[in-house]
Amino acid sequence: MSVLTRDEAQTRAQLLDVQRYTIDLDLTTGDETFDSRTVITFSARTAADTFIEVKPAELRAVTLDGHPLDPADLVDNRLPLKNLTPGDHELTLDATMHYSRTGEGMHRFTDPTDGETYAYTQLFLDNTQRVFAAFDQPDLKAVFDLTVTAPDGWTVLTNTTTTPHDDGRWHTTPTPPISTYLVAVAAGPWHSVRTEHRGLPFGLHCRRSLAPHLDTDADELLDITRQCFDRYHEKFEEPYPFDSYDQAFVPEFNPGAMENPGLVTFRDEFIYRSAVTDAERQTRAMVIAHEMAHMWFGDLVTLTWWDDIWLNESFAEYMGYQTLIEATRFTDTWTDFAVVRKSWGYDADQRPSTHPVAPDAVDDTATALLNFDGISYAKGASALRQLVTWLGEKDFLAGINTHIARHKFANATLADFIDSLAHTTERDVHTWADTWLRTTGVDTLTPHITRGTGGQCTLTVDHTGNRPHRIAIGLYDLDHTDDNGHLALRDRLDLDLPHPDPTPIGKRPTLLVPNDSDLTYAKIRFDPETTTALHTHLSGLPTPLTRAVVWNALRDTVRDGELPPTTYLDTARAHLPRETDLSLVHGVLTFATQQITNRYLTPQTRPHALTTLAALCRDLIRRTEDGTHPGLRLIAVRHLIDVTTRPDTLTAWLADDSVPGGPELDPELRWRILTRLAVLGATDDTAITAELATDPSATGREAAARCRAALPDPDTKHTAWHAMFTDDNLSNYHFTATAQGFWQPEQADLLRPYVTRYYDDATALAARRGPALAEAAGRWAFPTHAVDTQTLHLGRTCLAEADPTPALRRKLIDQLDDLERALTVRKATTTPT
């Protein structure tokens, strides 16, 4: 498929003004294809040639101003429009389109639980042309008028309200001007929960088989939706610009959610079938808040081209976390951001594939797709949080409202955004944008304490990097009124960096924490005395966010080869049993398992690390025996399952259908146990088949595929590899599940032949099946356990000689950098000093 370049988009935007799309989709024509008829009214400013994008199974007919064009002129996904004259035009295209199994375009899914079928669109970033013909770029906004023909018993959801007719046709209210990638359709026998708020229809929708689970959480979901909606109306002067607000939880969805105006689509794992922690409910709430922020910033005002992805995602990321604090019961969301999201940004920003938050230019749509990463989301949101700290929330929101008023129902660039901020403040936001948004890499802040006369101390902060920072520095002393080693905040200093002059801090504190409250984006290091004191007092810090700053710093020093991985594990063993924040417990255990145990430690030292983590999880389980911390207990049980090397315990739990003292085993825990037993060679296909019979859902089928791929059996491994890389029949979710089960550190000898096959097979798969499967192959099917120079050499050869697709190339660059980092950490750990 030809990708659209920035230059082509700019040329076409100068030529065309697109007024309206009238689209007729027929979803009753079979299981493989659907019919798509598009009428586009547009005008040309000058005489010129251009093209329209469409990727059909068959292009049956095309007319321009009533004159037929030859469908055979379609090359790849472009149909030329030659000799356009200035003035108004009408273009009609009649086509048959393919359904997707990869979550791109119009995805079709049949629920194995009840046999019901659903179809929904995911048109981001250039997938509109898989559903209807379009001038497929964000700055050619238009009105969209849709009609959808659907089977009996289906409900059709779109960006606006829909009206059914007796002939199976559903007609929608025309949209306001929106970009092509924001058009949305979700059709099927949905289970719906509907209400009204502030005069607008609100709806929640999911597959019928998930109806009981949606009904259980409907009040919570609607409460959060209303609370965020009301809070945004307090922040934004422009009212919500669309005629309804539906949230559809759809199957096999690639991203977490998509901000289609009036019809937000979410992956339906957010409809919980099994027990979850409050931290997971907070994450779901944040995604709701994030997508709603897009209604104003992304949908009402849309980026002009994909080099300003951050204008959409960084803003929604920041607003999502901040609005939850202000409007809902989730008042500590920045801790979760620090633990889960910020580390994503730090990691991405230290790889060769890093890029500025706001790059000068993104050449084409294929390159743009690669930038939906930890930099555009987490680093960008961190930059905005620092901007608010520096600018003040009042001036920040005033600038936002100026920006929306200037560009509503239109498009804008970074320059437009900065001009809007500059209109409301005297601060030099243009220079701030250049230093924060146009640069790459992570600054490092290192404090130094100098003792003076009478025990009085001064502080200086070494600043590696070029960005200005406004930070808080926390001074913590032992609380002598408390016998449990708790610390008390003596003082919090506000400091602008660079700051060359020493700052008086009084007597030496027990702990000094730079970037307390996590207000900026930078790696931090500790002074030597604080480093020593942390071994004893980390869990005594009074707030989860401060502890998150410390844990992130420890994580960074492990990744940089400055702190032995075993020291991190020992610190977790000492302090995590006293931790109360669920995001912190989960984040520390996840890093300890997935990175330290599985990658940074050698195969010889890994068993001892697993034993340490299992003991830590048992400590947490013992601590929660009184039933007062069910979320903490659930996290501990999950992680104990993942790290245990003793199948007898897991087999007993599975037989009893319960963990002693709780919880009872729900489907998620049963499949998790069965997967670990498969890894350990303590179960077989018969047991997996029996479990699938009790849970024949889509999630159950994915879990069964994961379990089977995890079995340490040569024939099973061959079958799984063939399914992933040869058959081309796996959906995006089944591919991911199979890949997750396939690679296991415990099975390194058995898997060694597949490491050498991976690069060729992944390159061929990506070329055949497109970006979504290429991303999955690079992320989930990469042999992360194989931390050795041969895997690194094979990967570099692949990049140099095999010409992988852009999506796979980016994932391989990142994976190989992580692999090289793991080798460096191992060398630093094992080299005598």
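Where is Asn-515 found?

Asn-515 is found in strand β27, which covers residues 511–516; helices (H or I, at least four residues) and strands (E, at least two) are DSSP runs, numbered from the N terminus. The structure is a predicted model, in which local features need pLDDT of at least 70 and side-chain atom pairs count only at pLDDT 80 or more, while totals for chains, interfaces and linings use all residues. Residues are numbered from 1 along each chain as its sequence is written, and side-chain values use heavy atoms, with hydrogens and water left out.

The phi angle of Asn-515 is near 55 degrees, a positive value in a residue other than glycine. At 1% relative accessibility, Asn-515 counts as buried, where buried means under 20% relative accessible area, exposed means over 50%, and partly exposed lies in between (1.4 Å probe, protein chains only). Asp-76, a residue other than glycine, has a positive phi near 60 degrees. Asp-76 sits in the loop between β5 (67–69) and β6 (78–84), and with a relative accessible area of 40% Asp-76 is partly exposed.

## The chain as a whole

The chain contains 26 helices and 28 strands, and along its principal axes the C-alpha trace spans about 90 × 70 × 55 Å. For 833 residues, a compact globule would have a radius of gyration near 28 Å, and the 27 Å of the chain agrees with this; the radius is taken over C-alpha atoms, and the globule rule is 2.2 Å times the number of residues to the power 0.38.

Of the 833 residues, 59% count as buried. Among contacts between residues at least 6 apart in sequence, 72% join residues at least 24 apart, a contact meaning heavy atoms within 4.5 Å.

## Two pairs of helices

Helix α4 (residues 309–327) and helix α8 (residues 393–407) have axes that come within 15 Å and cross at roughly 125 degrees. Such axes are lines fitted to C-alpha atoms, for helices over the stretch in contact, and the angles run from 0 to 180 degrees between N-to-C directions. The angle makes α4 oblique to α8, given that angles under 35 degrees count as roughly parallel, over 145 as roughly antiparallel, 65 to 115 as roughly perpendicular and the rest as oblique. On the α4 side the contact is made by Phe-315, Tyr-318, Met-319 and Glu-326, and on the α8 side by Glu-393, Phe-396, Leu-397 and Ile-400. By class, the residues of this contact of α4 with α8 are six nonpolar, no polar and two charged; Ala, Val, Leu, Ile, Met, Phe, Trp, Tyr, Cys and Pro count as nonpolar, Asp, Glu, Lys and Arg as charged, and the others, Gly among them, as polar.

Helix α11 (residues 528–537) packs with helix α13 (residues 565–575) at an angle of about 45 degrees, their axes being 9 Å apart, and this makes α11 oblique to α13. In this pair, Leu-534, His-535, Thr-536 and His-537 of α11 meet Thr-567, Thr-571 and His-575 of α13. The contact of α11 with α13 has one nonpolar, six polar and no charged residues.

## Buried residues in helices

Phe-725 is found in helix α21 (residues 714–727) and is buried, with a relative accessible area of 4%. Not counting residues up to four places away in sequence, Phe-725 touches Phe-735, Tyr-758, Asp-761, Ala-762, Leu-765, Arg-768 and Ala-781. In helix α24 (residues 771–779), the buried residues are Ala-772, Leu-773, Ala-774, Ala-776, Ala-777 and Gly-778, and they pack against α22 (732–742), α23 (748–769) and α26 (806–830).

Ala-279 belongs to helix α3 (residues 278–294) and counts as buried at 14% relative accessibility. Ala-279 and Asp-336 are 57 residues apart in sequence, and their C-alpha atoms are 7.9 Å apart in space. Leaving aside neighbours within four places in sequence, Ala-279 is in contact with Leu-582 and Ser-583.

## Cis peptide bonds

Leu-497 and Pro-498 are joined by a cis peptide bond with an omega of about 5 degrees, and Pro-498 has its place in the loop between β25 (487–497) and β26 (503–507). A cis peptide bond also joins Gly-662 and Pro-663, where omega is about 5 degrees; Pro-663 lies in the loop between α17 (647–656) and α18 (667–679).
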